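Take a look at the model below.

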Amino acid sequence: MLAGSEGPVKALAGGTDLLVQMKLGSLQPHALVSLRDVPGLDFVRLDEDGGLVIGAVATLAALENSPDVKAAFPAIAEAASYVGSVQVRSRATVGGNLCNAAPSADMAPILIACGAAAVITDGRAERNVPLEDFFAGPGETALEPGELLKAIAVPPSPEASFGKYFKSFRSAMDCCTVGVAVCAAFAPGSMIVRDVRLALGAVAPTPIRARASEKMLIGRALDGTLIARASVAAADEAQPITDLRASAEYRKILVEVLSRRALTAAHAWAQKGAAA
Amino acid sequence: MNTCMIGRGLPRIDAVPKVTGEAQYTVDLKMPGLLIGKILRSPHPHARIKSIDIAAAAQLKGVRAVITAKDVPDNLFSFYQWLADKNILCGEKVRYVGDEVAAVAAVDEATAEQALALIDVVYEPLPAVFDIEEAMRPGAPLVHDDKESNATWSVQRLFGDPDKALAECDYVVEGTYVTHAVSHTCLEVSNCVAKWDEKDRLTVWTNAQAPHTQRQEVARILGIPRRNVRVINSYMGGGFGSKLVMDMKVPIAAVLSRITGRPVRIVNTRSEEFATGKTRYPYTMYLKTGAMKDGRIVVRDLKLIGDAGAYHDKGPATINFSSMMFGTLYDVPNIRFEGQLVYTNKEMGTAFRGFGNPQVTFATESQLDELAVKMGIDPLDLRLRNSNCSMGTTSCGAEICGCGMTDCMLAAAEGIEWERKRTRKDENALRGVGLANMVHTGGGGRFYGFNSAEAFIKLSDEGTVTLITSALDMGQGAHTAMAQIAAEELGVSLSDINVLSNDTDLTPYDLGSWGSRAIFMDGNAVLAAAQDAKSALVEAAAEMLEANAGDILIEDGKIWVRGSAEKHDLAEIVEHTVNEHGSPISGTGRFVDKLPEGYTIATAFAKNIPCFSFGTQAVEVEVDPETGQVRVLKVVAAHETGTTINQTMAEGQIEGAVAQGIGFALMERLVHEDGRVLNDRFLDYKIPNIGDMPEIEAICVESEGTRGPFGAKGIGEPGLVPTAPAIANAVFDAIGVRFHELPITRDKVLEALKEKGK
Amino acid sequence: MKRELHITVNGDAHHLLVDTSRTLLEVIREDIGLTGTKNGCGAGECGACTVLLDNEPVNSCLALAHEAGGREVMTIEGLASGGVLHPIQEAFVAQGAIQCGFCTPGMVMSTKALLDRNPDPTREEILDGLRGNLCRCTGYVKIVAAVEAAKCLLLEEEPG
């Protein structure tokens, strides 16, 4: 249905981005296909191996309130609770948030930081794409014509790992000015960073990983000096624009500040573990 | 004073229909045959209209009328008619993005929108001016070609000898302060319905803050007799000044209705509301304050430039009012005020809660703290030393009767724990407290000449009371306050009062709800009407109960003779006098507020104000030095009410005003690019939401001496006036940075901290 | 393109012929004639249009009418029962949480959704639950007081 049509067809999930854009005139699809009643797209479940699979049409409210997610992936549930308002989250979906592909997509940073993959289907076969590669540009994804995002697959949390999403100025209906998510795995009982992902939202054409910053951290003992250097590196990797909401300079400052806060929180968490 | 009703936080009389969804707002009204009107607005800030082709639009199925300038009267309009400068629809040129160019009426909204898209307008863009500097440059493009310059209207005021005082005083502080354009953001957008009847009378349903004035304005611009215009209000989703002066959608809807023979509704989209609606006037202020060693402020000199936008609207009136409040606060003996209004190619300003006073108070109360720093004295002490006299006349002629200013300052300071928090060291290095005073009118003004109000009361034969009042309730609770006043005087309960209003055919001529005037003006009229009805009631009871009028008592709907145990229902008395004597019971009340002998509107200056209201707000803030975010932790707002009519409603007015003040100081800002508003959505124009609010302590300070009903004065606007400078002063206390420009946004704070660190 | 829509609003079943592009808000206000739900912005940013859809609070301006087909909608008009105000409505009236009233229906419906899913919310949870409802008149102070009062009234009503 999506593939064969006279004009552009858009998939409709929660409508909280798509309908607004249609009303503003920035999108004028020929037809909408509602995904809400397509079976098998709105689940939220933990796998036996401890990984999380989120159906593309699962609402943010479902994600926010799921006892499984709150227990096993609290950072993801928390990030979901930061989006918009209760009314928006009742309808907005994870898939919608990601496929709308705004540079500021609120669910992207934490899912990228958790190592998530996009599960894409064309009705016959499936393929997986690491989430950080799912975004091609503002409003553009890796979906080919005729393809749909089916689910997001999050691998089980590594042992001794900490994750959290830091969003600037968490006010409802705030299109994220800057978002930073961290997922850091430590060598058990120590401050050494075994692995880390630092994802930045709203400071580049797509959500991105701050890879140079990550490289700086892996294999090192996390401390104040390292945190400061890595935060500056993250800010350097950001390529924000100046727009109505904030200037590029200010966004860079926020990247540094939020990265520092994220890494400091990881540090504090690891210290408790190291002390134990 | 022994009262049953006054002061109590009784529930509003209109709360139930609002909470059940029954209340009909203008935008909810249904009418057979209703057409939807839409306005084609200029996309250019300044352009000549070369041609308009409406043929395709007019031929679209479902379109019933398309109009341009040639289809409407050519009359010009402004709030002050002698400064009239705006047509209903632009003929020759457009002057701001949003200026009305054409309009359609169609069977539904989608068709109307399609029709707009089919109207072909050829514009010749002209160079435009977007700020006052550009606009005042010699040779700048003229917004109005018939004027010599964009600097349009101005006013000067002089009291005492400011130059001498400046030369002789011990301390002088000077500075430039800038405030910006903000939007009213009423939850109900601007909208109207217009319909003509078979007798050629026009009825306009709209949310007008001044229905009788609107009736005059509509008649004037359409060139029809006033008696042919009727304005009907419904429940109103907010006003704050935005609905005071007529909006062009009203005469546009009227013309469309005339042509089609059907009622026509026009409703702003939210985007239209933000992008083309009227704003608070941006002011640029050059201010000097001079004081003596003993702390007395002896001179203030303010040069103010107001950005009018493309048309006059309420610009001159706003600047006039600003000057009166500027002259009155602290009773400074030497005052110079120069106010200049300048045209720019942007959406026009209009009245907005505070009416120029929040802007001016930001400057004066910020500078007062700067003076305190220079003098090395506590800002609270400096203000206490300059408190307005309790009775008497200030040097600029303001007659202060009933002044709780010192009480307000002390209450606010105590509430914020001024002493402790100003002297704490390091415990919370990034927290600060600041305060600011204000004076505002508590009863409107005489400056429109006529300043009176009238009310009627009639009693039915089962004892219910109907109160006919022109007080306009836009959410502030005016109808409830009027009902309480009437109930108190008559001795009945609030639920016995039925308020009729909202229809210019029914209500007495009145200037409307603005300038916090409803309680003082309309309230006094209602009180007089209730006194009149009561004396008729007492007389009837005296006759029926064979007693002296002086021995008749009324309370809680019961009437009895002093000393007697037999109590009668009001209904009994009324029934008796109606059926036995054919004498229905009613009352008329009038309150006439005249200028003092020997003064005219032009010469009266601050004597135009019948009643002043003082207040103080103390604020605690916390600054995040990494992000620049200023968080308001607590606001203590102590404001005069004279006598509080309804405690809950008065607090509600203060709390709501403080929220708007916080928005004005920290969050809200209309962002323009080449004259076009970029942030035309709630997403990008941030007003405080429930999570943004600090703890607010609203204190109603009562005082004697006010001539309002039971001693009450207005509280609608004061809560907004001192918030911004109080916040700016608290920020200075927290981080030692003085902001002279609003809003105080995060990036500005960060930049200032960086500069300071150098 | 018009299609049949079967929708239950405040317990009443409606069978309508509705164009697929129309929003739930439009159908509630215009086709069904319940004007208590307000249009504040049309973009899901102010909450004035909040209704309950299968007990979940949604911005009805962003829900297509047909998405509510076969489901239950509750609007402000459905809250009072037999002329008796719901405790939330009582609390809003008593606490002075209503001024112009335009945001009130949406605010009340969000409050209902909040207290239904969380009968004893903390102050933070109250703020979070109502963050999507803008008010320009009250400064929210008495709205929070009303939600706290409503919470107490409802907890008192609990059987046993």
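## Two helices in chain C

H2(C) and H3(C) are oblique to each other, because angles under 35 degrees count as roughly parallel, over 145 as roughly antiparallel, 65 to 115 as roughly perpendicular and the rest as oblique. Their axes meet at an angle of about 130° and lie 10 Å apart. Axes here are lines fitted to C-alpha atoms, for helices over the stretch in contact, and angles run from 0 to 180 degrees between N-to-C directions. Helices (H or I, at least four residues) and strands (E, at least two) are DSSP runs, numbered from the N terminus. H2(C) passes H3(C) in a right-handed crossing. A crossing is right-handed if the near helix is turned clockwise from the far one by less than a right angle, and left-handed if anticlockwise.

Which residues of H2(C) meet H3(C)? They are Ile88(C), Gln89(C) and Phe92(C). On the H3(C) side, the partners are Thr104(C), Val108(C), Thr111(C) and Lys112(C). By class, this contact of H2(C) with H3(C) has 3 nonpolar, 3 polar and 1 charged residues. Ala, Val, Leu, Ile, Met, Phe, Trp, Tyr, Cys and Pro count as nonpolar, Asp, Glu, Lys and Arg as charged, and the others, Gly among them, as polar. Two residues are in contact if their C-beta atoms, placed from the backbone, lie within 7 Å.

## About the model

This is a predicted model, in which local features need pLDDT of at least 70, side-chain atom pairs count only at pLDDT 80 or more, and totals for chains, interfaces and linings use all residues. Residues are numbered from 1 along each chain as its sequence is written, while chains are lettered from A and ligands numbered from 1 in the order in which they are written.

## Chain C as a whole

Chain C has 5 helices and 5 strands. From the N terminus on, the order is β-β-α-β-β-β-α-α-α-α. The C-alpha atoms of chain C fill a box of roughly 45 × 40 × 25 Å along the principal axes.

In chain C, 62% of the 160 residues are buried. A residue is buried if 20 or more other C-beta atoms lie within 10 Å of its own, exposed if 12 or fewer, and partly exposed in between, with C-beta atoms placed from the backbone.

## Chain B and a helix pair

Chain B has 20 helices and 30 strands. Its radius of gyration is 27 Å, close to the 27 Å of the globule rule for 758 residues, so chain B is as compact as a globular protein of that length. Its C-alpha atoms fill a box of roughly 85 × 75 × 50 Å, taken along the principal axes. Buried residues make up 60% of chain B. Among contacts in chain B between residues at least 6 apart in sequence, 81% join residues at least 24 apart.

Now pick out helix H10 (residues 357–375) and helix H19 (residues 723–735) of chain B. They pack at an angle of about 30°, with axes 8 Å apart. That makes H10(B) roughly parallel to H19(B). The crossing is right-handed. Among the residues of H10(B) that meet H19(B) are Pro358(B), Phe362(B) and Asp369(B). H19(B) brings residues including Ala728(B) and Phe732(B). The residues of this contact divide into 6 nonpolar, 3 polar and 2 charged.

## Chain A

Chain A has 10 helices and 13 strands. Its C-alpha trace spans about 60 × 45 × 30 Å along the principal axes. With 276 residues, a compact globule would have a radius of gyration near 19 Å, and the 18 Å of chain A agrees. Of these 276 residues, 54% count as buried.

## Where the chains touch

How many residues of chain C are in contact with chain B? The count is 40, against 43 residues of chain B. Helices H2 (87–94), H3 (104–117), H4 (123–130) and H5 (141–157) of chain C each supply at least two residues of that side of chain C. By class, the side has 23 nonpolar, 12 polar and 5 charged residues.

Chain A and chain C also touch, with 16 residues from chain A and 19 residues from chain C. Helix H1 (18–24) and helix H5 (86–91) of chain A each give two or more residues to the chain A side. The largest share, 5 residues, comes from H5(A).

Key: The radius of gyration is taken over C-alpha atoms; the globule rule is 2.2 Å times the number of residues to the power 0.38.
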